[in-house]
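Trainee: I would like to go through this model step by step. Could you answer some questions as we look?

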Amino acid sequence: MELKLAFIGFGNVAREFALLLKSRADLLAENYNLTCRATAIATARHGCVLSTNINLDEAIGCVRRKENLAQISGATAAADPMAVIENCDADIIFETTPLDPLGGEPATTYIRRALGRAINVVTANKGPLAFAYHELKALAAGHGAAFRFESAVMDGAPVFNLVERCLPAVKVTGFKAILNSTTNLILTGMEQGRSFDEALAEARSIGVAEANSDYDIDGWDAAVKSVALANVLMGADARPRDVERRGIRDITCDEVRAAVRDGCAIRLIARADSTGRDLRLRVAPERVPAASLMASARGTSNVLVIDTDLMGRLSVFETAPGVEQTAYGLLSDMIRIHESMPPRLNSRASN
Ligand SMILES: NC(=O)c1ccc[n+]([C@@H]2O[C@H](COP(=O)([O-])OP(=O)(O)OC[C@H]3O[C@@H](n4cnc5c(N)ncnc54)[C@H](OP(=O)(O)O)[C@@H]3O)[C@@H](O)[C@H]2O)c1
């Protein structure tokens, strides 16, 4: 089977995914009888293009040289990303535009339109899950399309798939997590004697900080991820404004050192607790024992501990994730969509 792929956003994550498609091509063909062809790319500053077959190496080179994608051989320029979504010939649209923690746009509008055309959507963007998860899920179901988002929280670590695939009939009753790599890198950097600004500069230099790092430092990114987790795993209908949120902006080196002297560490902890019908969502710096699971998440590592009604407490620990893991989340979503496609479509596409 051949899958036609369109990219809305062609930044770090999408380009890494394009490289993964190439490096895993033999495995996809052998294990899944799957080949891929790119038919559209939309960006903010590098143009928007449609084609029957985009050479992704050429597209990557074009963006790296800061050139317009319209130069790609065989490509036709499109007016804007919405024109690409309206006109592309695609089985899956990969939405990887930047996070807007205050409204989830324009990603939510893009995904809404793609699903409205009955095109499967994969996103790495947590904004749409935090602002419109139930609407988009219903829209996808109504149009017989898939809506998948494994990379949106904890990169490619199986968080949503874990609950959906491995824990059927189990209710998630709460969670505790470290979800933001930038703040964790800053806090553990301060433990090692770096200043807040030095540790933030390191987060920027390795590309883990959001484009606007205030979203990390003030706890917005962790709050949006908490809401995404609560909405998907717990069936909540929360919004980021519902999270009691405090970031790490005011944490001083003295406080971090004092915590270490007391056998503790400071971590930005996200919590969801359900009591009856009420759900409480919080993001705040907390002192945790140095020997705890939370304290052992150092640098860019993330950890999620979920409480369930039937399987007790389960944890996913992600050590030092990078953009390749996020790209893997897109790949795993693509394979799941492929596996769920009816055989009729398989045979039609391979003819
Ligand atoms: N980086 C990670 O490790 C990571 C991990 C987990 C989740 N995520 C999420 O994945 C998404 C992508 O991250 P990234 O690191 O790839 O971001 P990025 O490098 O900043 O790339 C964003 C892409 O979106 C395009 N874009 C920006 N505004 C747009 C708009 N209004 N319409 C259409 N395209 C637009 C940009 O175009 P130009 O290049 O022309 O500006 C660029 O191609 C984000 O939502 C992020 O939160 C990232």
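**Cores, sheets and ligand**

Mentor: This is a predicted model. Its largest nonpolar core has 77 residues, and those with the most contacts inside it are Val 84, Cys 88, Ile 93, Phe 147, Phe 175, Leu 229 and Leu 233. Helix H11, residues 220–233, gives the most to this core, with 9 residues. Apart from it lies another core, of 36 residues, among them Leu 3, Phe 10, Leu 28 and Cys 62.

Trainee: Which residues does Leu 229 contact, beyond its neighbours within four places in sequence?

Mentor: Leu 229 is among the residues with the most contacts inside the largest nonpolar core. Leaving aside those sequence neighbours, Leu 229 is in contact with Val 153, Val 159, Phe 160, Phe 175, Leu 179, Met 234 and Leu 304.

Trainee: Is Thr 182 buried or exposed?

Mentor: Thr 182 sits in helix H8, residues 181–191. Not counting residues up to four places away in sequence, Thr 182 touches Leu 200, Ala 203, Val 208, Ala 209, Glu 210 and Asp 216. Buried means under 20% relative accessible area. The value for Thr 182 is 0%, so Thr 182 is buried.

Trainee: What covers the buried residues of H3?

Mentor: Helix H3 spans residues 56–64, and its buried residues are Leu 56, Ala 59, Ile 60, Gly 61, Cys 62 and Val 63. The elements covering them include S1, helix H1 (12–23), S2 and S3.

Trainee: Which are the edge strands of the open sheet of 7 strands?

Mentor: The order is S4-S3-S2-S1-S5-S6-S7, with mixed pairing. Strand S3, residues 48–54, is joined to S4 by 2 bridges, and the two run antiparallel. Within S4, Thr 76 is the bridge partner of Leu 50. Each edge strand pairs on one side only, and the two are strand S4 (76–77) and strand S7 (147–148).

Trainee: At about what angle does helix H14 run to S6?

Mentor: Helix H14, residues 323–340, lies across strands S1 (2–8), S2 (35–42), S5 (92–95), S6 (120–123) and S7. Relative to S6, H14 runs at about 160°.

Trainee: Why is one side of S9 and of S13 left without a neighbour in the sheet?

Mentor: These strands belong to an open sheet of 6 strands in the order S9-S11-S10-S8-S12-S13, with mixed pairing. S13 is joined by 6 bridges to strand S12 (residues 302–308), and they run antiparallel; Phe 317 in S13 is the bridge partner of Val 303. Strand S9 (244–245) and strand S13 (313–318) are left open on one side because each stands at an edge, with a single partner strand.

Trainee: At about what angle does helix H12 run to S10?

Mentor: Helix H12, residues 253–261, lies across strand S10 (264–275) and strand S11 (278–289). Its direction relative to S10 is about 85°.

Trainee: How many residues are around the ligand?

Mentor: A polar side-chain atom of Thr 43 lies 3.5 Å from a ligand oxygen atom. Phe 10, Arg 45, His 46, Thr 97 and Tyr 110 come nearest, and the residues around the ligand number 23.

Terms used
Residues are numbered from 1 along each chain as its sequence is written. This is a predicted model: local features need pLDDT of at least 70, side-chain atom pairs count only at pLDDT 80 or more; totals for chains, interfaces and linings use all residues. Side-chain values use heavy atoms; hydrogens and water are left out. Two strands pair if DSSP finds at least two bridges between them. Helices (H or I, at least four residues) and strands (E, at least two) are DSSP runs, numbered from the N terminus. Contact means heavy atoms within 4.5 Å. Axes are lines fitted to C-alpha atoms, for helices over the stretch in contact, and angles run from 0 to 180 degrees between N-to-C directions. Buried means under 20% relative accessible area, exposed over 50%, partly exposed in between (1.4 Å probe, protein chains only). A nonpolar core is a set of buried Ala, Val, Leu, Ile, Met, Phe, Trp, Tyr and Cys residues joined through side-chain atoms within 4.5 Å. A residue is near a molecule or strand if one of its heavy atoms lies within 4 Å of it. A polar contact is a pair of N or O atoms within 3.5 Å; within protein, one must be able to donate a hydrogen and the other to accept it, and residues adjacent in sequence count only if both atoms are side-chain atoms.
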